[in-house]
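Let's walk through this one together, with a few questions and answers about how its parts pack.

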Amino acid sequence: MKKKLVSLLACATVAATLLAGCGGSSSAGSSASAGSTGAAAAPAADAGAGHVYYLNFKPEADAAWQDLAKAYTEETGTPVTVVTAASGEYETTLMSEMAKSDAPTMFQVNGPVGLANWKDYCYDLTGSEIVGNLTSDAFELKDGDAIDGVAYVIESYGIITNVSLLEKAGYKLDDIKSYDDLKKIADDIQARKDELGVKGAFASTGMDSSSDWRFKTHLANLPIYYEYQADGIDSTKEIKGTYLDQYKNLFDLYITDSTCDPKELSSKTADDARAEFLDGEAVFYQNGTWEYSSLAEKFSDDEIAMIPIYFGVDDENQGLCTGTENYWCVNAEASEEDIAATLDFMNWCVTSETGTKAMAETMGFTIPFKTAEESPNAFVKQDAAYTEAGKTPVSWNFTTMPSENWKNGVGSALTAYAAGTGDWDAVKTAFVDGWATEAALAE
Amino acid sequence: MVGKSIKKWWPVFLLPTAAAFAIGFVWPFIWGIYLSFCKFTTVKNVKVIGLGNYAKVFADDTFSHAFWLTVLFAILSSILINVLAFAIALALTKGLKGTNIFRTIFFMPNLIGGIVLGYIWQTLLNGLLSRFGQPLLALSARNGFWGMIILLCWQQIGYMMIIYIAGLNNISGDLIEAAEIDGASPSQILFQIKIPMIMPSVTICTFLTLTNGFKMFDQNLSLTGGEPAKQSQLLALNIYDTFYARSGPQWKGIGQAKAVVFFLIVVIIALVQLRATTSKEVQQ
């Protein structure tokens with residue numbers, strides 16, 4: 001009998017552990033995943049006047065934010081803590097941090113879909129200084145009439161090109177003006193890859209789940225953008241997939257004229273692709289302005305360029321894909337002093353000399369504020385040049401994708417298609433039917 | 001003397017553990033059940049909505065797929081782990097040379113965390129699969145499933161082996177000797193004496209492997225991530241996915257409801273298993 005009791009107890013313990021593990025994962029698991037906990041030394045004198053706690057989304061900018069926070073504290077005495085969530089862990093980290101008594105006063109959402117989770121926590125920024133400094137009201141993130149967030153960085157992505165290698169192959173940047181040009185040149189480079197000393201035209205299309213956002217999100221933005229344009233809408237519950245054929249063409253090009261066998265893509269990452277590009281093994285590499293700092297270590301500004309992802313619909317007028325999925329929000333549940341301190345800090349970041357300089361030079365951001373400094377980022381300059389030349393930037397519509405789950409579905413289908421274990425119809429289904437299902441489930 | 005001290009000082013020994021248990025398990029557990037009846041984004045700010053979450057547990061068909069896959073996985077991995085662990089334990093109780101080194105080596109995988117193991121094995125298995133032109137782990141649900149089985153076996157066999165070794169060492173030599181004198185064959189000794197005598201170890205090992213199989217999360221997350229298209233997703237990962245991969249606060253509650261359903265299933269299965277194996281235990 002005693003033995004039975006012991007085993008029963010053991011059973012209950014394990015079961016309780018198990019459930020606690022699930023429920024508690026939001027708090028226990030993710031605090032460990034928070035990147036570096038930088039603490040600006042808090043001067044005790046100003047402790048009563050509110051403090052700022054910023055949960056940063058961008059791991060690559062963590063060090064810069066820590067420095068900026070320190071500079072602000074030195075200048076004003078307001079303590080600023082910046083914590084950076086590990087890559088891909090922002091939502092989980094935010095969820096657990098927000099439940100704490102010392103919750104972030106300043107956090108990020110990625111657009112309308114991300115806002116759905118957090119709108120109850122967003123302080124209405126209407127009338128605040130930072131909103132007044134925006135260059136356009138297109139950078140406000142609204143829920144009804146309330147301004148719940150402001151975009152603080154504008155980014156672009158396209159096809160990063162190794163100009164030296166392109167010239168070695170006998171082409172100039174200007175030779176690529178459309179999808180057909182791109183295909184012709186990529187096919188040619190692929191055919192002569194041994195002669196040119198490259199492994200392929202495009203860096204590997206890494207479909208590992210850590211990296212497939214380049215294709216399930218960023219590349220998938222193009223068919224969505226053109227469909228929205230054609231239909232004159234800016235979001236939808238049901239996508240039609242009008243431009244999926246072009247999506248397929250481009251994806252086919254990426255995986256055919258590639259550095260590796262498409263069967264191996266499922267385990268390749270964006271880091272692999274970057275390494276191939278840095279080693280001169282590939283001429284083209286789809287990614288964004290945020291890659292500039294890692295590429296600039298090896299290449300000079302003349303050696304690399306970003307060209308639009310020519311989609312074969314309106315190539316003549318298409319510019320880079322430019323937009324944002326980074327919106328700052330202020331925690332409405334924070335104390336009044338903290339909210340005031342946070343608003344001041346936000347505004348300082350985008351208006352003061354120290355702030356704008358750090359944002360432009362150290363982080364390499366283009367910020368949509370009147371006081372912005374010019375960024376030395378070559379890709380950002382190219383984006384401006386394209387716009388000046390009359391090209392229309394492709395807006396970021398992936399913020400309207402119905403859920404992470406939808407992206408994952410498309411990503412899986414693309415991976416299977418690339419490896420030949422699935423067909424394109426599965427991608428279509430995941431894209432079109434998946435959208436309707438997920439949009440309905442998000443209701 | 002000792003008894004008297006214990007009577008006086010027992011709170012010093014028991015209370016810290018009891019407090020940790022209450023804070024770490026009991027309280028989150030009660031919260032977890034409460035949250036499954038709520039709609040919430042953070043646990044600070046919840047709204048009770050009744051049984052609605054439970055009605056939606058099956059709203060996406062991934063839950064039942066994950067459930068049956070988990071059942072299959074738990075049963076298969078338990079059988080494999082126990083059989084192999086017992087076989088190794090038998091081999092390592094024969095008094096061969098180097099027994100201790102082997103015991104240590106077999107036990108070592110158990111000391112590495114599941115996430116790390118998942119990534120290491122992903123590289124290993126993918127290398128092997130691509131060598132043979134097979135679809136990689138993330139592309140084939142079958143390969144992913146077997147990958148997880150191999151990984152879990154590798155990780156857990158050593159631990160179960162230790163328990164079996166302890167059980168086997170506890171069998172009195174007199175019994176074996178008596179059986180040998182009576183003319184029992186080695187297989188008779190194994191099946192008629194050794195196995196019945198170590199039934200308590202079998203109980204605890206099957207219990208551990210079965211519940212571990214059901215609860216497996218880290219290895220699933222890092223080895224296959226549920227790919228392709230959630231086809232290799234086990235229950236715990238499915239719950240996690242429900243919690244984080246969908247938009248809208250309603251999914252948090254649904255994920256929590258799934259966790260409660262999951263809990264009940266594991267408790268029932270564990271109780272049935274305990275009853276079944278305990279009844280086979282014999283007293284010496």
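Q: How far apart do the C-alpha centres of domain 1 of chain A and domain 2 of chain A lie?
A: This is a predicted model, where local features need pLDDT of at least 70, side-chain atom pairs count only at pLDDT 80 or more, and totals for chains, interfaces and linings use all residues. Residues are numbered from 1 along each chain as its sequence is written, chains are lettered from A in the order in which they are written, and side-chain values use heavy atoms, without hydrogens and water. Chain A is divided into domain 1 (32-154 + 324-370) and domain 2 (156-322 + 382-441), with bounds from an automatic or database domain assignment. Their C-alpha centres are separated by 30 Å.

Q: What area is buried between domain 1 of chain A and domain 2 of chain A?
A: Eight residues from domain 1 of chain A and nine residues from domain 2 of chain A make the contact (heavy atoms within 4.5 Å). Buried area is the accessible area (1.4 Å probe) lost by two parts on being put together, summed over both. Carbon and sulfur atoms give 60% of it here, and the total is about 660 Å².

Q: Is H5(B) roughly parallel or oblique to H6(B)?
A: Helices here are DSSP runs (H or I, at least four residues), numbered from the N terminus. Helix H5 (residues 114-131) of chain B packs against helix H6 (residues 141-170) of chain B at about 125°, an angle taken from 0 to 180 degrees between N-to-C directions of axes fitted to C-alpha atoms over the stretch in contact. Angles under 35 degrees count as roughly parallel, over 145 as roughly antiparallel, 65 to 115 as roughly perpendicular and the rest as oblique, so H5(B) is oblique to H6(B).

Terms used. Helices (H or I, at least four residues) and strands (E, at least two) are DSSP runs, numbered from the N terminus.
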